[in-house]
Amino acid sequence: MNNKIHVLAGLQWGDEGKGKIVDMLSKDYDVVVRYQGGANAGHTIIIDGKKTVLHLIPSGIFTNNIICVIGNGTVIDPKALIDEIELLNKDGIDLTDRLFISKDAHIILPYHKIIDAINESKNDKIGTTKKGIGPTYFDKYARRGIKFSDFDDESVLKDKIKKNLGYLISIFPESDELKYLNSTDLFDELKTQYSRISSYFEQTHYLLNKFISEGKNILLEGAQGALLDVDFGTYPYITSSSPTSGGACTGTGIPPTVINGVIGIVKAYTTRVGEGPFPTELFDETGKEIARIGVEFGATTGRPRRCGWLDLVALKYAVIINGVTEIALTKSDVLDTFKEIKLCTEYELDNKIINTFPSNPFVLQKVKPVYRTFKGWNTSFSNTSTYDN
Ligand code: IMP
């Protein structure tokens with residue numbers, strides 16, 4: 001098998017610039033696939049000065065003839081999907097025979113967003129995007145989730161929505177918003193939405209494995225990043241899916257034996273949105289300067305991103321668990337004007353030096369970064385086109 005089956009994954013807390021790199025690399029692939037997450041992601045692509053933010057459809061859609069697939073590991077808000085399809089159609093991008101969505105992807109229903117907001121109103125909040133991501137995966141793993149394949153038997157689907165809503169009202173009795181929902185209305189709304197997008201759905205695991213046997217090159221595009229992974233991230237301050245390369249298999253039905261490359265995306269400094277430990281976070285003018293020059297605001301929520309120096313302890317950890325074979329470094333130009341640039345090479349914990357990434361977020365909260373300081377390059381690389389330069 002000579003075709004490229006590559007995963008592209010974020011190595012930090014998301015927002016590493018994955019969308020831009022996917023867009024750049026797309027010409028080398030026939031198919032681009034999203035394997036986890038949902039509309040919590042925001043991939044910003046700027047083409048000829050026009051900025052588009054995609055939340056669900058892979059960034060490869062801007063490259064002519066590329067086929068885009070949204071895999072079974074994702075969670076989909078039908079309304080967000082319809083909006084995105086319409087946005088692309090308006091831009092003259094026809095998705096017929098170019099977009100395929102897994103029937104096994106789980107559906108984000110209005111009650112999931114309500115529960116996300118209720119959870120976030122409590123003291124121990126995570127700082128989620130409130131897009132209903134966590135509650136939808138919660139239903140998936142509790143074995144009561146609703147998939148697009150449930151439309152194969154509408155009476156069962158209707159009943160599932162009724163049962164799920166009843167259950168949620170019983171565990172969140174204080175929520176008037178939940179009480180106002182009516183399961184028949186929810187079903188009718190979902191059915192109307194589904195009728196607009198049903199042509200895109202199929203068993204994409206068969207389709208993807210057919211593409212592999214036909215010799216097509218496939219890029220599996222992760223959302224968020226390794227440090228937000230449900231298993232390897234700073235739990236519980238994580239997203240509820242598996243952005244690391246392992247998630248690319250379970251989220252698509254592409255077997256691990258065919259994956260022959262993992263491209264890790266890393267920003268020249270670090271950012272994080274939402275709560276949770278962040279050892280190299282800067283609270284001073286330097287942090288503000290990085291945020292200002294790097295325009296560090298969330299693509300989905302508009303929230304300001306926390307900024308800090310590049311953390312090599314965390315990066316090494318992310319490289320190991322993803323099996324990274326190549327790295328793409330983004331946004332180094334943001335640091336063009338800095339006199340000094342710091343890299344965290346180790347942590348100090350209780351007067352000892354460690355070089356592994358602690359599993360416990362409260363331990364991670366306590367570590368002090370050990371830095372090596374470098375003189376800034378103080379020049380712009382934007383016109384550099386040769387390797388030696
Ligand atoms: P959720 O994915 O909305 O449940 O949010 C869980 C955590 O992941 C929060 O800290 C979010 O800020 C973070 N998060 C989710 N999606 C992204 C993203 O695309 N970029 C950066 N952080 C994200």
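Reply: Buried means under 20% relative accessible area, exposed over 50%, and partly exposed in between, with a 1.4 Å probe and protein chains only. This is a predicted model, in which local features need pLDDT of at least 70, side-chain atom pairs count only at pLDDT 80 or more, and totals for chains, interfaces and linings use all residues. Residues are numbered from 1 along each chain as its sequence is written, and side-chain values use heavy atoms, with hydrogens and water left out.

Me: Where does Asp15 lie, and what is its phi?

Reply: Most residues other than glycine have a negative phi, and most peptide bonds are trans. Asp15 has a positive phi, near 60 degrees, and lies in the loop between β1 (5-10) and α1 (18-25). Helices (H or I, at least four residues) and strands (E, at least two) are DSSP runs, numbered from the N terminus. Lys130 also has a positive phi near 60 degrees; its loop runs between α3 (110-120) and α4 (133-141). Lys130 counts as partly exposed because its relative accessibility is 46%.

Me: Which residues does the cis peptide bond join?

Reply: It joins Tyr235 and Pro236, with omega about 5 degrees. Pro236 belongs to the loop between β10 (218-221) and α9 (245-250).

Me: How is strand pairing read, and what is the order of the strands in the open sheet?

Reply: Two strands pair if DSSP finds at least two bridges between them. The open sheet has eight strands with parallel pairing, in the order β9-β7-β5-β2-β10-β1-β11-β15. Its edge strands, β9 (201-202) and β15 (326-330), each pair on one side only. Strand β7 (residues 99-102) is joined to β9 by two bridges in the parallel sense, and Ile101 has Phe201 in β9 as its bridge partner.

Me: In which sense do β3 and β4 pair, parallel or antiparallel?

Reply: Strand β3 (residues 43-47) and strand β4 (residues 50-54) pair in the antiparallel sense, over five bridges. Thr44 stands opposite Val53 in β4. The two strands, β3 and β4, form a hairpin with two residues between them, and Asp48 in the turn has a positive phi of about 50 degrees.

Me: How many residues surround the ligand?

Reply: A residue is near a molecule or strand if one of its heavy atoms lies within 4 Å of it. Here 16 residues surround the ligand, and the closest are Asn40, Thr129, Thr239, Val273 and Arg303.

Me: Which atom of Asn40 lies 2.8 Å from an oxygen atom of the ligand?

Reply: A polar contact is a pair of N or O atoms within 3.5 Å; within protein, one must be able to donate a hydrogen and the other to accept it, and residues adjacent in sequence count only if both atoms are side-chain atoms. For Asn40, it is a polar side-chain atom. A polar side-chain atom of Gln224 lies 3.1 Å from a nitrogen atom of the ligand. Taken alone, the ligand exposes 470 Å², and the protein buries 96% of that. Accessible areas come from the Shrake-Rupley method with a 1.4 Å probe; for residues, only the protein chains shown count as cover.
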